[in-house]
Amino acid sequence: MTFHNVITYQSPRAITQPHFFILSKGKNAGKPLKESCPNCFLITVRNEEESENLYWIAYTLWKSNFWHQYQIGSVIPFIRIGTFKSGFRDEVLRAYKQHQKHVEFVNRIRKLETLQNHYSNTIDQIEKLKWALLQNQLR
C-alpha cells in the first residue's frame, strides 16, 4: 500500500520528498506534471517508485477525462482539493488491488512515451532540415 500526501502547492516551499504536481485549474485540471506551475496540487510520497506509480495512475485518470465530472466553475473550471484527494485515493486503491496488472500497464505506457518522444524529435529535425533547405534555395 502506498502513502501519499496531497496539498496545495505554494512556490517558496522547499520539497525534500519525491513528488509530482497535479494541475488544479483550467481545461486540463487533473493533468500530472513533473514541474510546478501556478494553480497546482503537490503530491509527496516516500520513495521514487511510489512517485512513478502514482504519476502514471494520475496520467491515466487525466487522459481518460476522469476529472471532468468533478470540475466546477463557470469561467475557469477547477477541481477542489477535497474532491481530488478522495477521488484519487479511491482510484489508487483500485489500481493497487491489481498491482501486477498496473505495473505491466506502466511499463507499456513508458515504452510508448519513449517512442512518442523519439518520433517528436525526429519530426522536429525534419522540420529544421526543410527550413534549412528552403533558406538555401532562396539564396
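Me: Which helix gives the largest share of the lining of the largest pocket?

Reply: The largest share, 4 residues, comes from helix 1, where a helix is a DSSP run of H or I with at least four residues, numbered from the N terminus. This is a predicted model, in which local features need pLDDT of at least 70 and side-chain atom pairs count only at pLDDT 80 or more, while totals for chains, interfaces and linings use all residues. Residues are numbered from 1 along each chain as its sequence is written, and side-chain values use heavy atoms, with hydrogens and water left out.

Me: Why are helix 1 and helix 2 called roughly perpendicular?

Reply: Their axes, lines fitted to C-alpha atoms over the stretch in contact, come within 10 Å and cross at roughly 110°. Angles of 65 to 115 degrees count as roughly perpendicular, and helix 1 and helix 2 are therefore described in that way. Their contact (heavy atoms within 4.5 Å) includes Leu-54 and Ile-57 of helix 1 and Phe-88 and Val-92 of helix 2.

Me: How do you know that helix 1 and helix 3 are roughly perpendicular?

Reply: Helix 1 and helix 3 pack at about 75°, with their axes 10 Å apart, and they are therefore roughly perpendicular to each other. Among the residues that make this contact are Trp-56 and Thr-60 of helix 1, together with His-102 and Phe-105 of helix 3.

Conventions
Helices (H or I, at least four residues) and strands (E, at least two) are DSSP runs, numbered from the N terminus. Axes are lines fitted to C-alpha atoms, for helices over the stretch in contact, and angles run from 0 to 180 degrees between N-to-C directions. Angles under 35 degrees count as roughly parallel, over 145 as roughly antiparallel, 65 to 115 as roughly perpendicular and the rest as oblique.
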